[in-house]
Amino acid sequence: MAWDFSTEPEFQEQLDWVADFCVNEIEPLDLVFPGAAWSRNPKARALADPLKQQVKDRGLWALFLDKDLGGPGFGQLKLALLNEILGRYRSAPVMFGTAAPDTGNMEMLAAYGTPEQKERWLTPLLNQEIFSAYSMTEPQGGSDPNLFKTHAVRDGDEWVISGEKWFTSAGERADIIFVMCTNGMFVVPHETPGVEIMDFPRLHNHIRYNNVRVPADHLLGPEDGAKVLAQRRLGGGRIHHAMRTVAQVRLAFDMMCERALSRESHGKVIAEHQMVQEAIADTYAEINMLRLLVLWTAWTIDHSSTREARTQIAACKYTMGKVLREVSYRALHMMGSLGTTNLTPLQAMYAGAPTMAIADGVDEVHKVTVARNVLKGYQPHEGLWPTEYIPAKRDQARKKFEGLIAADPELAAWADAAVRHAERG
Ligand SMILES: Cc1cc2nc3c(=O)[nH]c(=O)nc-3n(C[C@H](O)[C@H](O)[C@H](O)COP(=O)(O)OP(=O)(O)OC[C@H]3O[C@@H](n4cnc5c(N)ncnc54)[C@H](O)[C@@H]3O)c2cc1C
């Protein structure tokens, strides 16, 4: 029997180790030295690097990369189970070498980079000696790549890039930026003359590329191949976000249940009020629906490919934002006034829900993808009636029993009465 919801004992042992490691090592560091995991400050690095080394020693570093791309080849299902833990802690994805936006950029490099490009950028990215950003969205339009204008012109041994990008996460602190042009994907070192970081927004940067010159070998993949590379990059990124979202909503659920049992109102603990029970019951079901969708998608990627799983990935994309919004709101609400402050993780989680519905493609676009792909498996019905129109189906079925009915008037009468009875019912 191939359908199985169990985790193999060896990997469960790893997951148990990860859970303890996150509670005992990563969370305390996050609370006292926030940002140490990605800081360039040598003292902060000295705190984070030994933890990263422990992850490497356990063979859990950069699990997102498949074997054929130079990773450990654990597959997406195991990554999903790992991310269900890591997603609770701010710096855990960086500590395990599985943080966006570097992961998607590394996937592109691993799949499309030349051996020289891999040596120059992939290895240092994997080792977190450098960090990267991804510059695709433009101020005039993000959902429709046909509106993008940034382009590159070949000039001798160089490409000259001109354009304007918007919402390049961590662009300011990145060492290299993957810039999607209308005619190719380019790797642009941050320090290249002409890269102009605007003042706002602060974390997701507005960047002007003013005649930025890069050597010819900074083109990644084929000329005119940017859309293919972008799809490759974003498909993986979306499912990884969904895996971490499962961790977030489980955290919210834990907080909700603890609160329900701890707080009293109108003579009883609030867990005994039916509307609180309804909130808990709905949340339990919604989290598990999301989780199973994500695990099924990860399983499909492992057993076929990211391309084969694209309808499922799109479904994960818009489901995660919705579940995150609903669950974080319910948990925040159950916390009462405390929930509205930044003294618990819930306010930030709730504020992050719209981002999940916008970043990596707005939900509407993914719903269109799902509807289009699903409808490919259907045909319009012939004639006036839908396929499941019962009288027509019954007429068809009668043909199968024609001989029997003709030969046995008593049985025919019984059948007529039974049908009349069923039609009334
Ligand atoms: C926190 C965060 C981080 C991000 N990081 C990056 C990054 O690192 N690199 C990067 O390149 N980009 C990044 N983005 C940008 C993101 O990819 C875009 O915001 C997204 O693609 C939507 O583009 P837009 O903002 O221009 O919205 P628009 O395309 O203008 O869409 C606005 C609204 O219009 C409607 N709409 C649009 N298209 C359709 C449609 N086809 N059908 C129905 N309704 C539609 C929807 O309601 C949508 O919400 C980030 C965004 C956020 C919020």
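Colleague: How many helices and strands does the protein chain have?

Modeller: Helices (H or I, at least four residues) and strands (E, at least two) are DSSP runs, numbered from the N terminus. The protein chain has 14 helices and 10 strands. This is a predicted model: local features need pLDDT of at least 70, side-chain atom pairs pLDDT 80 or more, while totals for chains, interfaces and linings use all residues. Residues are numbered from 1 along each chain as its sequence is written, and side-chain values use heavy atoms, without hydrogens and water.

Colleague: At what angle do helix 7 and helix 10 cross?

Modeller: Axes are lines fitted to C-alpha atoms, for helices over the stretch in contact; angles run from 0 to 180 degrees between N-to-C directions. Helix 7 (residues 226-262) and helix 10 (residues 346-358) cross at roughly 150°, their axes coming within 11 Å.

Colleague: Which residues meet there?

Modeller: Contact means heavy atoms within 4.5 Å. From helix 7 come His 241, Thr 245, Gln 248, Leu 251, Ala 252 and Met 255; they meet Leu 346, Met 349 and Met 356 of helix 10. The contact has 6 nonpolar, 3 polar and no charged residues. Ala, Val, Leu, Ile, Met, Phe, Trp, Tyr, Cys and Pro count as nonpolar, Asp, Glu, Lys and Arg as charged, the others, Gly among them, as polar.

Colleague: What share of the residues is buried?

Modeller: Buried means under 20% relative accessible area, exposed over 50%, partly exposed in between (1.4 Å probe, protein chains only). Of 425 residues, 44% are buried. The C-alpha trace spans about 90 × 65 × 45 Å along its principal axes.
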